[in-house]
Structures are given as C-alpha cells and as structure tokens.
Amino acid sequence: MMYNYNTWMLTNRMCYDFDRLARPERFQRLFAVLRVLVKLLEMDLAMWMLRNPTRTQQNLCNPTRNPLVAQLVWNGDYGSVNLFVKKLFQMFINMNALQYPQEDIAVVSRLLNLLTVAVNLSEFQHSDGQIEYPCAKDNSQHYARQLWKTLETSGYFSITLALQTIRNLRSPFLRLRLSEHLLQKLNRGARLSNVRCFFKQLHERCWLECSDQEPAEAGGAQQTEPNHYPVLNAHRTRPKATEMYQKQYVELLLTGLRAYCDMHQLPAYFREIMTRPVQGGGSRASPSDESAPADGARIVVPKAVDDERMIFRGIAISADLVLEYRDDVKYLLLIEQQLKTLQSAEERALFGDWFAFLSEVDPTMGAA
C-alpha cells in the first residue's frame, strides 16, 4: 500500500484536529497560547507606560495611542466593566472553584491584573508632573465590586473558595477590596481602609466570634489528576449559610494587611524612616498624632511637603498624606505589641504567619 500524504493525515489526524484531542490536551494547548498572548500584552503595556509617563488617562482613552490591552477589551468605554470583563471574572472564579492547575490559574490572574492596571490608568490624575497615589477612583472601585459580586453569586461560593480566589489574585488592590467585602459578610460595618482598622480587629479579638474548629479542606471540586480539567456544573446551587472559622478569619485579616502594605509600599516606607530621617523642612508631626481621618479616607491637599525618601519619588505628597503614613506605621508597631500579648500556645500558633509577616517588614518585629 502506497503511504501518501492523505493516508499519513488520516493516520495522524488526532494530532492536528483540535476537536478530536482529549480534553486535558485541548486545555493545555489553549493555556499555552494564552501564556504567549498575556506575555505580549504585559510587555506592550509596560513599554506604553514608559512612553506615556504623563497624560496617562488621556492617552489610554485615545484609540490611536492606547495600549493593546485597551484595544482588546474596550471599544470606547475605557475602564468600564463590559461583557468581556464579566466573562473573565467568571472564568477566573470558576477555575478556582474547579481547582484547575495552579499554573493555568496564574496566567488568567495575570490577565486580570493587566485589566486592573488599565482600569486604574484610565482614571490616573497628575499634578505638576506627579501622580496622586493611591488613585483608586470610581472605575477601580466599581471594577472591584463587580468582581466580588461575581464571586458572591457563584453557585460554588464558600468561604474556602473566596479565600482561595483572593489568594490567587495578583493585584494588591483587588486582594484588599475583596478581603474587605468578605469580612463585611460577618460585620457589615467592617472596613480595611488603613492599618488602624486591622489593629482594631486584633484589639477587639474579633476572631473569637468564629468557630474554633478546623475548616474542612473542601473546594468546589476535588482534583484527582495533575492535568484534570473538571466540567463546570452550571446548575449547582450555593449553600444557604456559610461559616467562617477562626483560622480563616485570621488568614483573611493577614491577606488584607499584606495587600494594604503592598499597595501603599508601607514596608519600604517603614525601612526608610528607620534608616534615614527626614531632610530639610518636612513635616515633623509625631506618629501618635491622631489628626488622620478615622475612616481612613485619603485627602490630597495642594500644600507641598519636602520629603526626600525614595518611597515618595514621583508622588504628589501632602502633609496629610505623610501623617497618614506615619499613622499606619504607628499602628503597625501596635499590632506587634498586641500580638506579643497573646498568652496561649494555640493563639500564638494561630498567628504564626502574622509574626512571619512582621519579620519581613523588620526582623526585630517578628520575634514571638
């Protein structure tokens, strides 16, 4: 029998007909392509930001000058939560619920982070060549609320899934906002707007209101093989009640605190003030000054402050902003003191990751 091209194609059809491949192999190929595309979008956005250090908002909303990610996602409604964004939210949450391979969740998380940066850039404000930071305005807040709403209304929703989803987010802003929303399911008035809020949770020992049992290690679907891709159950109904355990509560608070510190570069500021004092005529307000707003609202005033610390390079700083940073540092130190008051071995073990985090900020702080 002559072995020609047609017979060779028929023999090897499985290798070239995507629809005839096994489900795991199809997904592996899809995510391999997605990794390349996400890397391309990341590099393009990074180069675009270097080329557009000012007028960021105007250039991102200009169809002739905006980056690839903006052209891919939006069609004139830059920064909005359109159908593409909603589908991406659902995809990310479903992958966490079904426990897809971690490397695949990571690449979708990178794409989600790209969109988060683009949304934030769509509302960036500059003042005399410097940026107002943090600059999370209506678009960013709405974007985070919609992600939480998608998670909360999922048929797979549980405290375990919520924590896992938050943990897999790359954006500190999203991790902080979702941590706050999840915390508000237990305490509607809870806010995580500054370090003082985290200290208040510890000082009032709020975790004792939760069950001290160990949370069940049950996700949306148990993964039995490394490359197994479960099928979504679209008719699944979420449980009517969810319970948070002490271990989960403590983890949630730490996740939020880490996200807040990452977002505001608080560890870097802490190290700066520990190693180099303010030069010149900068504000000398005491860290114990209570003039910062109690609700953590960040108010930017036009009064300039001379501060040479690296953490403030390129930032439109003000006296109020510096006072808020000092207030955060004060309460970070108070958190250390509060943790040292824990008496039982069980509680100290429960907060083991907190001590480790404080050690990352400053090695002298994490000594249990």
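## Close-up views

View 1. The structure shown here, as in every view below, is a predicted model. Arg-29 forms a salt bridge with Glu-25, and the closest N and O atoms of the two are 3.1 Å apart. Both residues belong to helix H3, which covers residues 23-51, and they are placed 4 residues apart, or about one turn of the helix. Arg-29 is likewise partly exposed, its relative accessible area being 35%.

View 2. The buried residues include Phe-173, Leu-176, Ser-179, His-181 and Leu-183. Among the elements that cover the buried residues of H10 are helix H7 (102-121), helix H8 (138-152) and helix H12 (246-264).

View 3. Arg-177 and Glu-180 form a salt bridge in which the closest N and O atoms are 3.4 Å apart. The two residues are 3 residues apart in helix H10, which means that about one helical turn separates them.

View 4. Across the whole structure, a search finds 12 aromatic pairs. One of them joins Phe-199 and Tyr-331, whose ring centres are 5.6 Å apart and whose planes make an angle of 55°, an arrangement described as tilted. Phe-199 lies in helix H11 and Tyr-331 in helix H14 (residues 319-340), so this pair ties together parts that are 132 residues apart in sequence. Both Phe-199 and Tyr-331 are buried. Another pair is made by Trp-207 and Phe-351, with 4.8 Å from centre to centre and 70° between the planes, which is an edge-to-face arrangement. This pair also links distant parts of the chain, since Trp-207 is found in the loop between H11 and H12, and Phe-351 in the loop between helix H15 (345-350) and helix H16 (352-361), 144 residues apart. Trp-207 and Phe-351 are buried as well.

**View 5. The ring cluster that includes Tyr-100.** Phe-27, Phe-31, Tyr-100 and Tyr-229 are linked into a cluster by ring pairs. Tyr-100 is located in the loop between helix H6 (83-97) and H7, and its relative accessibility of 9% means that Tyr-100 counts as buried. The C-alpha atoms of Tyr-100 and His-228 are separated by 7.4 Å, although these residues are 128 residues apart along the chain. Leaving aside residues up to four places away in sequence, Phe-31 touches Met-91, Met-95, Tyr-100, Asp-104, Val-107, Val-108 and Tyr-229.

**View 6. The largest nonpolar core.** The largest nonpolar core has 97 residues, and the members that touch the most other members are Phe-31, Tyr-143, Leu-182, Ile-335, Leu-339, Phe-351 and Trp-354. At least three residues of this core come from each of domain 1 (16-127) and domain 2 (158-211 + 239-274 + 314-367). In soluble globular proteins, nonpolar side chains tend to be buried together.

View 7. Most residues other than glycine have a negative phi. Arg-205, however, has a positive phi of about 50° although it is not a glycine. Arg-205 is partly exposed, with a relative accessible area of 29%. Arg-205 forms a salt bridge with Glu-347, the closest N and O atoms being 2.3 Å apart. The bridge connects distant parts of the chain, with Arg-205 in the loop between H11 and H12 and Glu-347 in helix H15, 142 residues apart. Glu-347 is buried, its relative accessible area being 13%.

**View 8. Gln-265 in a loop with a positive phi.** Gln-265 has a positive phi of about 55° and is not a glycine. Gln-265 sits in the loop between H12 and helix H13 (266-275), where its relative accessible area of 41% makes Gln-265 partly exposed.

Conventions
Residues are numbered from 1 along each chain as its sequence is written. This is a predicted model: local features need pLDDT of at least 70, side-chain atom pairs count only at pLDDT 80 or more; totals for chains, interfaces and linings use all residues. Side-chain values use heavy atoms; hydrogens and water are left out. Buried means under 20% relative accessible area, exposed over 50%, partly exposed in between (1.4 Å probe, protein chains only). Contact means heavy atoms within 4.5 Å. Rings of Phe, Tyr and Trp (its six-membered ring) pair if their centres lie within 6.5 Å; planes under 30 degrees apart count as stacked, over 60 as edge-to-face and the rest as tilted. A nonpolar core is a set of buried Ala, Val, Leu, Ile, Met, Phe, Trp, Tyr and Cys residues joined through side-chain atoms within 4.5 Å. Domain bounds come from an automatic or database domain assignment. A salt bridge is a side-chain nitrogen of Lys or Arg within 4 Å of a carboxyl oxygen of Asp or Glu.
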